[in-house]
Amino acid sequence: MPRPRQALLTRQRIVDTAAELIDAEGLEAVSTRRLAAQLGVRGPSLYNHFPNKDAILDAVADAITADVDIGCFATHEWPEALLIWGRSYRAALAAHPHIVPYLARGPGRRPRALAMADAVYGGLVRAGWPPARATHIGALMRYLVAGSALGSFARGFASDPAIYVSSDYPHLGQAHRLAAHQREVDEGAFELGLEAVITGLQITYEEVVGDTRHRFHGTARSAPTGR
């Protein structure tokens with residue numbers, strides 16, 4: 001019987017299948033046994049491509065990081081670069097919320113994650129930020145993006161208006177409507193936070209570096225309503 005022209009199992013197939021499983025059922029659903037079953041192979045076959053489960057998760061995480069725009073730090077002033085990067089970073093994570101806790105641990109040894117950290121840090125230092133401040137900004141942005149992508153503020157409120165009738169919640173009369181406008185609320189909150197962070201950083205920049213050339217002019221877009 002002739003051999004198949006293409007290998008039955010590749011690194012990319014493993015990564016794609018693991019990503020689909022994580023998106024559908026969460027990180028806890030991933031095991032080498034489960035992946036092998038999904039791929040229609042024996043478990044030990046996976047070890048020809050990855051040494052363990054964590055290596056597979058690293059590959060999935062790095063594939064998601066590859067979708068983030070980091071080229072902006074070479075083509076834009078630092079405030080606009082942070083804006084572009086922050087939006088792109090959140091979009092990549094929000095498309096795969098179940099893996100955000102894994103990504104939030106940091107870059108570890110993942111090449112694309114380290115390349116992103118290098119681009120952000122390098123872009124900020126080139127703009128005149130002291131190294132320690134550049135590190136703080138990178139951490140701050142990760143907290144903002146990961147927190148925003150991890151869960152939904154709007155979906156945390158039940159859609160039953162009867163819950164909010166009590167006099168104990170006099171200001172929550174419209175809270176039952178939040179879930180129906182989840183994207184508008186959550187993306188609007190992220191945009192507000194992103195703009196506030198960048199505006200605040202510009203004030204700090206002028207105090208620390210003493211250069212007012214990098215003035216952010218509020219190029220933020222309106223958040224999509226999702227309707």
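Is Glu25 buried, partly exposed or exposed? Here are some notes on this predicted model, starting with that residue.

1. Glu25 turns out to be partly exposed, its relative accessible area being 40%. Its salt-bridge partner is Arg34, with 2.7 Å between the closest N and O atoms. Arg34 is partly exposed too, at a relative accessible area of 28%.

2. Have a look next at Asp58 and Arg110, whose side chains form a salt bridge at 3.6 Å, N to O. Asp58 belongs to helix α3 (residues 53-65), while Arg110 sits in the loop between α6 (100-103) and α7 (111-126), so this pair links parts that are 52 residues apart in sequence. Arg110 is buried, with a relative accessibility of 5%, whereas Asp58 is partly exposed at 26%.

3. Helix α9 (residues 182-208) holds both Arg183 and Glu187, four residues apart, so about one helical turn separates them. Their side chains meet in a salt bridge of 3.1 Å, N to O. Arg183 is partly exposed, with a relative accessible area of 40%; Glu187, at 18%, is buried. The salt bridges in the model number four.

4. Now to the nonpolar residues. The largest nonpolar core has 54 residues, and the members that touch the most others are Val60, Trp78, Leu82, Trp85, Leu93, Ile99 and Trp129. Helix α5 (residues 78-94) gives this core its largest share, eight residues.

Note on methods: Residues are numbered from 1 along each chain as its sequence is written. This is a predicted model: local features need pLDDT of at least 70, side-chain atom pairs count only at pLDDT 80 or more; totals for chains, interfaces and linings use all residues. Side-chain values use heavy atoms; hydrogens and water are left out. A nonpolar core is a set of buried Ala, Val, Leu, Ile, Met, Phe, Trp, Tyr and Cys residues joined through side-chain atoms within 4.5 Å. Buried means under 20% relative accessible area, exposed over 50%, partly exposed in between (1.4 Å probe, protein chains only). Helices (H or I, at least four residues) and strands (E, at least two) are DSSP runs, numbered from the N terminus.
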